[in-house]
Amino acid sequence: MEQWTRREDERLLSGKGRYVADISVPGCLDAAFVRSPVAHGALRAVDCTAAREVPGVAGAWSAADLPDLPPVPYTLLAGLATEDAVAGREWPALVKDRVRYPGEALAVVLAADRYRAEDGAAEVTATIDPLPAVVTPAAALDDSVRLFDGLSNTVLRGEAGQPIDPSVWRDAAAVVEARYRQQLLLPSPMECRAVLAVPEGDWLTVWSGHQMPHRLRRELAALLGWSTDRIRVVVPDTGGAFGSKSATFPEFVVVAHLAVRLGRPVCWIEDRRESMFVATRGRGQDQSVRLAADAEGRLLAYELTIDADIGGYPHLGVGLPMQTAWMATGAYTTPHVHATVRSVLTNTMVTYPYRGAGRPEAASAIERTMDLLARRLGIDPIELRRRNFIPPAAFPYATPTGRRYDSGNYAAALDLALETLGYEEWRAEQARRRADPDALPLGIGVSCYVERSGGEPGGLHEFGSLEAHEDGTVTARCGTASTGQGHETVFPALVATVLGIPDAQVRLVEGDTDEQPDGLGSFASRSAQVAGAMLQHAATRLIEEARARAADLWGLPVDEIEWADGTVHPAHDGAAATGLGDLVKSTGPLRVEDRYEAGMAFPFGAHAAVTEVDPDLGTVHVLRLVAVDDCGVVLDPAVVHGQAVGSAVQGIGQALYEGMTFGADGVPNLADGFLDYLLPTSTEIPPIVVKETRTPSPGTPLGAKGAGESGCIGTPAALVNAVADALRIADPDLLQMPLTPDRVWRAARAPKHEEGTR
Amino acid sequence: MKPATFDYVAPRTVAEAVEALGDPGREAQVLAGGQSLILEMHLQRSRPELVVDINRIPELDRMSVEDGELRVGALIRHAAFEAADAVPGPLGTLLSRAVVNIAHPPIRSRGTMAGSFGWAHPASEWCAVGVALDATVEVTGPEGPRALAARDYFLGPYRTARGPRELITAVRMPLLGEHTGVGFIEHRRTHFCFAQVAVAAALTVHDGVIGDARIGLVNSADRPVRARAAERTLLGAEFGPLPAGRRLPDTHPFARAGRVAAQEDAVPVAEPYADVAYKRQAVAVLVGRTLREAATDLRARLAAPEGDHR
């Protein structure tokens, strides 16, 4: 195993992974969905007759053909949607009378394979009267076109913090304002969504690449009207999720319903084109900010207003922007912070958590605005941040927007980032270039982020167990589900360390609701922080149980039994130690079940970027990127490093490349797939240096915070700030992500900030 | 891949291929490298009833130099041009500088130059090189072979003068003679995607004066463009020393040619993240830079020892 960095790598990197699409079940039918070509419209009729005549087609159904088809289950998890938002706004699994996003499923065709199913789908006809499409929050807010007749498009209004007294702005030495667009992003996992439902008698086994198998089981049981113990959800190898695989999607509802109705296995393997149109989107906020400071650069007040385009139906995207509002304060001691949210329905597939999930939007807004303020005040942006950081002694720190930060040392992270970058040398290079009219402009940007990991109250616990076997090995079970993060490596090593046995003697079982009856799953950077803490706790309990048994066996008080390196032995009499396996042999099965609750954690860091801009073409060349992240106690440096690099690349994607435009009909211009929606490729990745500071979380004995989302959160603002610094532009609104060449070219021609200050 | 149903034939000779294409009852497509066809069929935007796979026709897999022209058979892959000395003289340099912008190495090992001419995407590098150099497209159909000049060949996006029953057998390009320098610069958002704009240029200098200039514009109209107005501004101009700095002064002939190309030759089509104004800007900048690259290439050639034909 030594040649592989992670235990799962031999399997995943040599083509031996087994994904949902690799699972062959005799008699399985493949689903193809007939999808709406319009973004918004009234559905008049769907005719599946011709599809049913196509050879190999087992059946074709529209909503009218399936009166018992349940709707997509809504969720009020973590307060991310509300009863008010979902009331009267049902999401049908197949369109009944109104299309609300392009690609929404109008009908389903099942056939012996996907080719025949697609041939059948091509024969389905639908009559849709197009309606004006509402794509932007601004267009949706005025309710001139409503997605649900008689109901407002605005499904949630929320706030964090207290309204700021107007005198604060009036009396401040400097006030800056800006508007930012957090564009819609596609999570783009390598493996798109997949579900396979296999009915057997009264039971249903569902295979799916999924982050929350227990939630999927619970929601499927509810929509089928079954008890949860009749459903088993198994998560096989899964090619990424980034937040996009935790729901019971419309297609999943249809597949489960038809599998049970027909008594046959049914699968749906989403292809890339479907994924680009109908998988969840991330971000999607129009923001305005106002930030005030006194003449010394001490922050006085910060206001953030968010209009979030959440897609065609109220789902988790309803409350997701509140995550941004709660995290609006950032890393600073600003006394007055007020954030307001309006979540509005728009004619696109729903927005949903995507790696970062509300925190990148918050970090990007405050960090871009800090640079704007620094330029206004004529203070170095580093110095401005240092003057306002929450100091280490102030933790736990209650923010004006309702968060209680657990621990942090923000200045230490920034110092390490600047030292690693060579900040002073780059400033000198920048000065040299500014004196040379022929040199390409160079800019330096930093972003000091704070985020939240682990989840929200009510979702901060995890379930699991440890079982010792007669051969001395241990099986760990937990309710998380890896979609590629390396749980098979990290969790056994963690358990082995506590028990004092070799890593190879511990095996992980997860992502199977029959093996592990309760669980929450993997989201919000919580697996290491919460499930890791649970397993550490379970391991200490296993040791206690082993000592108690040994005490019984040997007739000794338990405090005379010691544990060392996976063995028990009497403290005093010098008898030979007894291994865990022998203890099981002589005392019977040894298993501890656990449920453990962690505290919310607040990882942080400082990212710094150097960019060179070609003002004539508008191209941005990232010369250096430094990411200093603090996720508390690091369990596996290689795994954390991989998370840091991967998420930084996705942050680069948001800053420079990823985005979609829409036609006048509201349909996104994605016909050519990844030729239209550009992901950064290996060619675009700059040198990324990852370093860390380690400030343990006091929320668990383990002390780990989430490490999975740092780059998405910290990197975008560092890059945009670096470009703004290179161009010295006065108007921050000109630099909207992604910083495409045309945008940067236009920004480069705009007035410089020396000429443009108020 | 989930294409619509199609029939497939793999002829062994050009005559057999033409015969297959000649079936009036079926819409046919020619498969060479499949660089574009496979994607289009996968998305069912192209639904040919018959795919004529020409990969087993040996006579199409030949590249030769005849009468001062390079003749590229229809099966010659992009990768064949990656080495600058694969083709003699400045043409080899130009093709090698252009080819690295075409997709990725695995695709370049399958896709063909003739296929690019057949598909006629406005962002095709080869097609712009072709119009700049007055390439010739050889086709064979039921009526026999004919040769089409590149300037008459491209009719619009994906539209050419080739008849549906005709097979492209080869593309011919004139070898560029002595005293010619070449350049190719492409601008795109990531290495993966199509060019927003790219420019091919060849400058020929005699007695210190620019005697011939050829400029091809990629993705600057609905078809490849030869920037004749820009070329004219250069003819007869003195081939002077290049400016020392990175940027061309606005008064430099190359910068002037760039502005003319942008305003008079280009007819940009707006795309997401590249409207007409931005594309004109990119054309102006890239033409200037590519001419400069060609001039630098020419100086290197003139300075090279006798017999060094890079």
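Chain A contains 21 helices and 28 strands, where helices (H or I, at least four residues) and strands (E, at least two) are DSSP runs numbered from the N terminus. The structure is a predicted model, in which local features need pLDDT of at least 70 and side-chain atom pairs count only at pLDDT 80 or more, while totals for chains, interfaces and linings use all residues. Residues are numbered from 1 along each chain as its sequence is written, and chains are lettered from A and ligands numbered from 1 in the order in which they are written. The predictor assigns the complex an ipTM of 0.95 and a pTM of 0.96. For chain B the mean pLDDT is 95, and 98% of its residues reach 70 or more; pLDDT is the predictor's confidence in each residue, from 0 to 100.

The overall dimensions of chain A were examined next. The C-alpha trace of chain A spans about 85 × 80 × 45 Å along its principal axes. Its radius of gyration is 27 Å, which agrees with the value near 27 Å for a compact globule of 758 residues. The radius of gyration is taken over C-alpha atoms, and the globule rule is 2.2 Å times the number of residues to the power 0.38. Of the 758 residues of chain A, 56% count as buried. A residue is buried if 20 or more other C-beta atoms lie within 10 Å of its own, exposed if 12 or fewer, and partly exposed in between, with C-beta atoms placed from the backbone. Among the contacts in chain A with a separation of 6 or more, 79% are accounted for by residues 24 or more positions apart; two residues are in contact if their C-beta atoms, placed from the backbone, lie within 7 Å.

Chain B has 10 helices and 14 strands. The radius of gyration of chain B is 20 Å, close to the 19 Å given by the globule rule for 310 residues, so chain B is as compact as a globular protein of that length. Its C-alpha atoms fill a box of roughly 60 × 45 × 35 Å, taken along the principal axes. Of the 310 residues of chain B, 50% count as buried. In chain B, 65% of the contacts between residues at least 6 apart in sequence join residues at least 24 apart.

Chain B is divided into domain 1 (7-53), domain 2 (62-174) and domain 3 (180-302), with bounds that come from an automatic or database domain assignment. The centres of domain 1 and domain 2 of chain B, taken over C-alpha atoms, are separated by 19 Å. Their contact takes 11 residues from domain 1 of chain B and 18 residues from domain 2 of chain B. On the side of domain 1 that touches domain 2, helix α1 (residues 14-21) of chain B gives the most, with four residues. That side of domain 1 of chain B comprises six nonpolar, five polar and no charged residues. In this classification Ala, Val, Leu, Ile, Met, Phe, Trp, Tyr, Cys and Pro count as nonpolar, Asp, Glu, Lys and Arg as charged, and the others, Gly among them, as polar. Elsewhere in chain B, 10 of the 11 residues of helix α3 (residues 89-99) are buried, so helix α3 is largely enclosed by the rest of the structure. The buried residues of α3(B) include L91(B), L94(B), L95(B) and R97(B).

Between the two chains, 21 residues of chain A are in contact with 21 residues of chain B. The elements giving two or more residues to the chain A side are α4 (114-121) and α20 (741-749) of chain A. This side of chain A divides into nine nonpolar, five polar and seven charged residues.

The largest nonpolar core has 333 residues, and those with the most contacts inside it are A31(A), A107(A), V109(A), V255(A), V723(A), A261(B) and V287(B). A nonpolar core is a set of buried Ala, Val, Leu, Ile, Met, Phe, Trp, Tyr and Cys residues joined through C-beta atoms within 7 Å. Helix α16 (residues 527-554) of chain A gives the most to this core, with 12 residues.

Backbone geometry was also considered. The peptide bond from F395(A) to P396(A) is cis, with omega near -5 degrees, and P396(A) lies in the loop between α12 (381-388) and β16 (397-398) of chain A. Phi of Y158(B), a residue other than glycine, has a positive value near 60 degrees.
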